[in-house]
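Dear colleague,

I am handing over the structure we spoke about, and I would be glad if you could look through it alongside the notes that come with it.

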Amino acid sequence: MATIEARGLRKAYGRTVALDGIDLRVEEGRILGLIGPNGAGKTTALNAILGLTPYQGELKVLGLDPWTERDRLMLDASFIADVAVLPRWMRVWQALDYLAGVHPRFDRARAEGFLANTTIGRDRRVRELSKGMVAQLHLALVMAIDAKLLVLDEPTLGLDLLFRKQFFDTLLNDYLDRSRTVVLATHQVEEVQDVLTDLVFIDRGRVVLACSMDEFESRYLELTVNPDRVAAARALEPFHERSVFGRTVLLFDGVDHARLTALGEVRRPGISDMLLAVVAGRTGAADGAGR
Amino acid sequence: MSAPSTTRPFRWSVRRELWENRSVWIAPLAVAILATLAFFVTLPGLPGSVRALAGPDMANAHMVVHGPYGGVALLGFATAFVVGVFYCLDALQGERRDRSILFWKSLPVSDRTTVLAKASIPFIVLPLVVFAFTAAAFLIMMLVGTAVVAAAGASVGMLWSHAEPFQSGLSVLYALVVLALWHAPIYGWLLLVSGWARRTALLWAVLPFVAIAGVERILFGTTRFAYFLEDLLLGWVSRAFAFGSDDAMGDMLGALTPVTFLSTPSLWIGLAFAAACLAIAIRLRHKREPA
């Protein structure tokens with residue numbers, strides 16, 4: 001059983017279509033990056049997965065229907081929306097007490113251990129903490145829950161570079177050591193590139209690219225073409241073309257590395273290069289990259 | 001899945017309401033303290049009043065000796081009502097307004113548990129809190145009153161037989177149960193509106209009734225609906241108590257009419273309405289999507 005299995009997931013707000021038939025399959029232990037521009041439907045997709053919004057189509061998360069069985073699902077799934085959702089009146093010890101009181105898989109000692117590495121005092125209220133500290137607190141709470149699925153929706157939004165790096169380092173080192181599955185939506189793409197095992201690009205409610213990172217790294221190549229070889233390079237059917245400092249830069253899907261080396265400088269494209277190519281060029285040639 | 005059974009979602013949900021809404025116990029405490037202090041101001045006249053109990057102006061003296069207990073109790077009832085009304089109006093709207101609902105919904109606590117925990121504040125917690133503080137105020141007033149009367153050489157026995165602290169305490173408990181049941185449709189309605197309205201819950205909760213009363217007055221020149229509203233607020237008095245003309249020094253407990261109260265059809269209609277409101281509020285909390 002896949003951790004998340006969606007078929008034809010659809011969601012419309014009035015006439016605005018937020019999700020336009022999404023298929024998604026996330027196996028246990030994968031770390032999936034859900035990546036797309038603002039308004040692409042990332043949050044709507046995550047809300048559907050978490051049982052926060054009704055939807056059309058088929059969706060099973062850990063074998064449960066999230067919309068009708070949210071409270072059961074939340075025994076095995078945890079969620080950080082963004083740093084602004086912890087109740088502002090709550091004190092740190094109250095958050096610890098409350099989670100220990102309602103969540104059978106919450107390990108209070110573990111949360112205390114994580115907090116010991118921070119400067120967050122037990123008696124502080126959430127509203128007295130800085131944004132970075134609130135993120136640390138939320139992460140400490142969530143990492144102390146022995147969940148099978150962790151969903152993160154822009155968890156580092158508004159944090160500075162240091163906190164963002166620390167956030168993902170902590171997550172990688174102290175949490176992702178077992179068979180946990182993570183779904184992460186973000187548009188700070190480069191920072192999570194090394195964390196992910198799988199990648200889904202989503203744009204205007206549709207999946208425009210879905211592959212594993214291994215696949216991503218072996219399939220896609222970026223060629224900065226030598227000026228005299230542009231015609232030859234174009235003949236290899238790049239799916240995206242742009243111009244950088246007067247030179248032509250082409251993106252290829254599944255073209256042999258050696259053949260491209262003869263035409264110019266070859267490198268592996270970053271996720272953001274690909275996102276720009278696939279999302280910005282989606283009306284035309286980009287269809288070759290989508291599924 | 002073997003979940004340890006040490007979690008108590010309902011109990012902790014109630015406790016967290018008390019953390020967030022400290023006015024639930026602070027307001028009744030403050031009112032009880034103020035009422036007790038006001039009683040202290042009248043203390044110098046108490047021995048005289050107790051002596052007058054044996055004289056011709058006995059009825060009047062009884063009112064002076066007994067009255068403060070009724071006053072403390074009435075202030076407690078009014079506080080419970082006001083706090084309950086404002087608590088209910090915000091109970092389900094506040095968590096959507098500050099987006100903390102995303103945190104609450106990330107935990108394995110069902111919408112039913114959450115809404116019922118919130119409903120327990122006006123139905124159970126506030127009556128208990130008001131009873132506890134009123135009883136404590138009675139105790140302090142009796143002890144101090146006894147000391148003052150004894151020091152002045154007046155009859156302590158007369159004081160106790162006319163102040164009737166124990167009967168008064170029982171009457172207060174009875175009245176609090178009566179109030180919670182009689183006002184149940186009001187609290188239920190306010191919780192429903194709080195779960196439904198995006199903002200200005202107070203207006204949505206009150207305006208329809210003002211409008212109906214106004215329209216009736218204009219179209220038919222009658223005030224039946226206004227009487228209905230008055231009954232909704234104060235109808236419990238005539239149903240649950242029978243204050244005879246001759247009980248000025250009287251049989252306090254004999255004035256309680258639980259059978260009449262419980263056989264009032266509108267009580268049961270109101271309770272059914274409250275139950276329906278709570279059922280709708282639970283559905284609304286499930287369905288309302290995060291902002």
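Predicted model: local features only at pLDDT ≥ 70, side-chain atom pairs only at ≥ 80, totals over all residues.

Chain A contains 11 helices and 13 strands, and its C-alpha trace extends over about 70 × 40 × 35 Å along the principal axes. Of the 291 residues in chain A, 45% count as buried, and among the contacts in chain A with a separation of 6 or more, 71% are made by residues 24 or more positions apart.

One open sheet in chain A is built from four strands in the order E11-E12-E10-E13, with antiparallel pairing. Strands E11 (240-244) and E13 (264-267) of chain A each have a single partner strand, so they stand at the edges and one side of each lacks a neighbour in the sheet. On average, and ignoring direction, neighbouring strands of this sheet are turned by 25 degrees against each other. Within it, strand E10 (residues 220-225) of chain A is joined to E13(A) by four bridges, the two running antiparallel, and A:Thr224 stands opposite A:Glu265 in E13(A).

As for the contact between the chains, 22 residues come from chain A and 22 residues from chain B. On the side of chain A that touches chain B, H3(A) gives the largest share, four residues, and the residues of that side divide into 13 nonpolar, six polar and three charged.

With best regards

Key: Residues numbered from 1 in each chain as written. Chains lettered and ligands numbered in written order. Contact = placed C-beta atoms within 7 Å. Nonpolar A, V, L, I, M, F, W, Y, C, P; charged D, E, K, R; others polar. Pairing = 2+ DSSP bridges. Axes fitted to C-alpha atoms, helices over the stretch in contact; angles between N-to-C directions. Buried ≥ 20, exposed ≤ 12 C-beta atoms within 10 Å, placed from the backbone.
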